[in-house]
Each structure stands twice: as structure tokens, then as C-alpha cells.
Amino acid sequence: MTGIRAGLCSVTFRALPPERIVALAAAAGLDVIEWGGDVHVPPGDVDRAAEVARMTTDAGLAVASYGSYFRAGPEESLTAVLDSAAALGADRVRVWAGEHGSAEVSAHERARVVTRLRAAAVEAASRGIGLALEFHGGTLADTAPATLELLHEVDHPMLSTYWQPTVGAPVPVALEEFRRLVPRVSAAHVFSWWPRTERHPLRSRSALWTRFFADAAASAHPPRDALLEFVPDDAPELLAGEAAALLGFLGRQP
């Protein structure tokens with residue numbers, strides 16, 4: 001259907017060591033892994049990042065990106081994050097747009113986050129690395145219009161965004177958000193929560209994911225990666241089935 005890569009966010013299995021995550025992802029027929037900076041690849045530990053990169057590629061997988069928890073704070077340094085991303089061989093780092101939602105943030109804080117994100121994008125670009133916003137509540141990238149406005153204000157070609165279905169959003173609403181963002185979406189986090197944060201197998205929301213991947217395939221700029229982010233009960237034994245569902249939505253066989 002598309003050239004979208006099927007992958008896994010390592011934060012799906014925070015309790016497991018990287019070796020086990022690599023083995024699970026490879027056995028499930030996935031293509032890539034986004035490695036998280038909270039547990040598996042801590043910022044600045046370049047030896048660990050290089051070790052995880054080797055085990056990933058040795059298993060026939062690629063590193064999709066580095067999932068950081070950089071929130072564009074005034075005193076936050078991005079350098080250690082970029083050091084780990086470079087050692088991983090990741091050309092994209094996921095970042096967060098502040099700590100308050102777009103409707104509640106002050107003008108001063110908004111300007112500060114915009115300025116910090118722009119400087120971060122410049123720093124990352126100097127090392128051949130792009131940044132991508134986490135599309136998430138409680139940040140300045142919490143809705144499609146807010147995310148587009150933020151991308152416009154930061155105004156840097158190396159800043160993109162992720163997309164994921166907004167919690168509680170009906171299928172038409174979630175898809176409309178994606179359609180508005182799609183030219184700037186570099187990756188999607190894939191999971192099935194309903195009606196709020198209750199976790200279900202991916203196929204339980206086939207009405208969403210079938211249409212999402214059809215829209216992505218029809219886009220002139222489809223996301224590069226579709227990354228499984230959650231599985232019910234954090235159960236490793238469910239990954240094979242979830243990966244098979246994802247590959248099926250992509251028109252591929254596991």
C-alpha cells in the first residue's frame with residue numbers, strides 16, 4: 001500500500017531490556033524501533049546508545065527515531081539528547097511543546113516555547129537531525145489547528161510533528177485532525193484506546209485505522225513511520241498479533 005515503515009516504540013515495554021525488545025520486534029516482522037530516552041537510552045549515555053543501535057541493526061531492524069522528553073524549557077539542554085540520537089543513528093528526535101495546553105498557556109510562555117523550539121531545531125539541524133512534536137494534550141501541540149500554528153511560528157524546515165488519535169475523539173474527528181496535519185506529519189503513534197484510555201487490540205478500531213492508512217497512502221507526503229506505542233496490559237506476548245494487525249493495515253503480510 002505505502003512505503004510507510006512499521007515499528008514499535010520501546011516505551012511500550014519499559015520494563016523489558018533492549019535485547020528483549022529487539023527480539024520481539026524482529027520476530028513480529030516489524031521494520032523499525034523508536035528508542036525512548038526515559039529508560040532504554042538515557043540522554044548523554046552515548047555508549048549505551050551505540051550498543052542499542054548495534055543490537056537493533058544486527059537484528060535486521062532500523063532505528064526510527066529517538067523519543068525524548070525535552071519540553072523546550074528555558075534551562076533545558078538539547079545537547080545530550082542529540083548526542084544519544086547521533087550515537088543511535090536516529091535522524092529524528094521526538095520533543096514536547098512545553099507543559100501547558102494551547103488554550104491555557106500565557107502569551108509569555110508561548111513565546112518562550114516557540115523561541116526555544118526554534119533554537120532547538122537549529123541546533124539539531126546542524127547535526128543532520130530533525131525534531132518532531134509529540135501531538136499530545138497538555139502541550140502547545142494539542143490540537144491540529146494549534147499544532148499548525150506552532151509549526152508556522154517556529155518556522156523551521158527540520159521541525160515536523162507526530163500524529164496520534166486524540167483521546168476520546170470519534171473516528172471522523174481523529175481523521176480530520178490527521179488530514180489537516182498530514183503534510184507535516186513524519187510519524188504516527190498507533191494504538192486503540194476507547195472510549196478514553198482503555199486499551200484494546202488494534203483491530204478493535206479497524207474503522208479508524210483502515211481509513212487512516214488509506215488517507216496516508218493517498219497523501220503526497222505520507223508519514224515515514226507508523227509506530228505501535230501501547231498494547232493491552234503491556235503484555236509482550238500480544239505484540240505479534242498487534243504487529244500483524246499493523247502490517248495488515250499497511251497491506252503487508254507479517
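The expected span of a helix is 1.5 Å times one less than its number of residues. In this predicted model, helix 4 (residues 107-125) has 19 residues and reaches 27 Å from its first C-alpha to its last, which is close to the 27 Å expected.

The largest nonpolar core has 76 residues, of which Leu30, Leu88, Trp163, Phe213 and Leu246 touch the most other members. Apart from this core lies another, of 8 residues, including Cys9, Val32, Ala64 and Leu227.

Trp163 is buried, with a relative accessible area of 0%, and, leaving aside residues up to four places away in sequence, touches among others Phe135, Phe178, His189, Trp209 and Phe212.

| Pair | Arrangement | Centre to centre | Angle between planes |
|---|---|---|---|
| Trp163 and Trp209 | edge-to-face | 6.0 Å | 75 degrees |
| Trp163 and Phe212 | stacked | 4.8 Å | 10 degrees |

Trp163 lies in strand 6 (residues 159-163) and Trp209 in helix 7 (residues 206-218), so their pair ties together parts that are 46 residues apart in sequence. Phe212 also lies in helix 7, so its pair with Trp163 in strand 6 ties together parts 49 residues apart in sequence. Trp163, Phe178, Trp209, Phe212, Phe213 and Phe249 form one aromatic cluster.

Arg94 lies over the face of Tyr69, at 5.9 Å from the ring centre, and over the face of Tyr162, at 6.0 Å from the ring centre.

Methods: Residues numbered from 1 in each chain as written. Predicted model: local features only at pLDDT ≥ 70, side-chain atom pairs only at ≥ 80, totals over all residues. Heavy atoms only, no water. Helix = DSSP H or I, 4+ residues; strand = E, 2+ residues; numbered from the N terminus. Core = buried A, V, L, I, M, F, W, Y, C linked by side-chain atoms within 4.5 Å. Buried < 20%, exposed > 50% of the residue type's maximum accessible area, 1.4 Å probe, protein only. Contact = heavy atoms within 4.5 Å. Phe/Tyr/Trp six-rings, centres within 6.5 Å; stacked < 30°, edge-to-face > 60°. Lys NZ or Arg CZ within 6 Å of the ring centre and 35° of its normal.
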